[in-house]
Amino acid sequence: MLNLDRFQPPAEPLTVAHCEWCGREIYAGDEVFRIDDGGGFVHGETDCAKDYAAERVYDRYGYISAQLDVE
Ligand SMILES: [Zn+2]
């Protein structure tokens, strides 16, 4: 009888990294964003990239005044 084991998907997906935002596993074949300065990765199919960017890039969200304050 033919051995077809090599055609079966692996039982465990291959973990290649952990998300810099949520900390969960990133598997080979997952959609990701690579972080420009840190070299890490965040999930591409969730809000991880947006939330990571909002936390790292911006320090305030609101309405800007004539004096350039954001409240
Ligand atoms: Zn994530």
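**Exercises on a predicted protein chain**

Of the contacts in the protein chain with a separation of 6 or more, 14% join residues 24 or more positions apart; two residues are in contact if their C-beta atoms, placed from the backbone, lie within 7 Å. The model is predicted: local features need pLDDT of at least 70, side-chain atom pairs count only at pLDDT 80 or more, and totals for chains, interfaces and linings use all residues. Residues are numbered from 1 along each chain as its sequence is written.

**Exercise 1.** Determine the order of the secondary structure elements in the protein chain.

*Solution.* Helices (H or I, at least four residues) and strands (E, at least two) are DSSP runs, numbered from the N terminus. Read from the N terminus, their order is β-β-β-β-α.

**Exercise 2.** Identify the residues of the largest nonpolar core and the elements that give two or more residues to this core.

*Solution.* A nonpolar core is a set of buried Ala, Val, Leu, Ile, Met, Phe, Trp, Tyr and Cys residues joined through C-beta atoms within 7 Å. The largest comprises seven residues: Cys19, Trp21, Ile26, Phe41, Val42, Cys48 and Ala49. Two or more residues come from each of β4 (41-43) and α1 (48-57).

How values were computed:
Buried ≥ 20, exposed ≤ 12 C-beta atoms within 10 Å, placed from the backbone.
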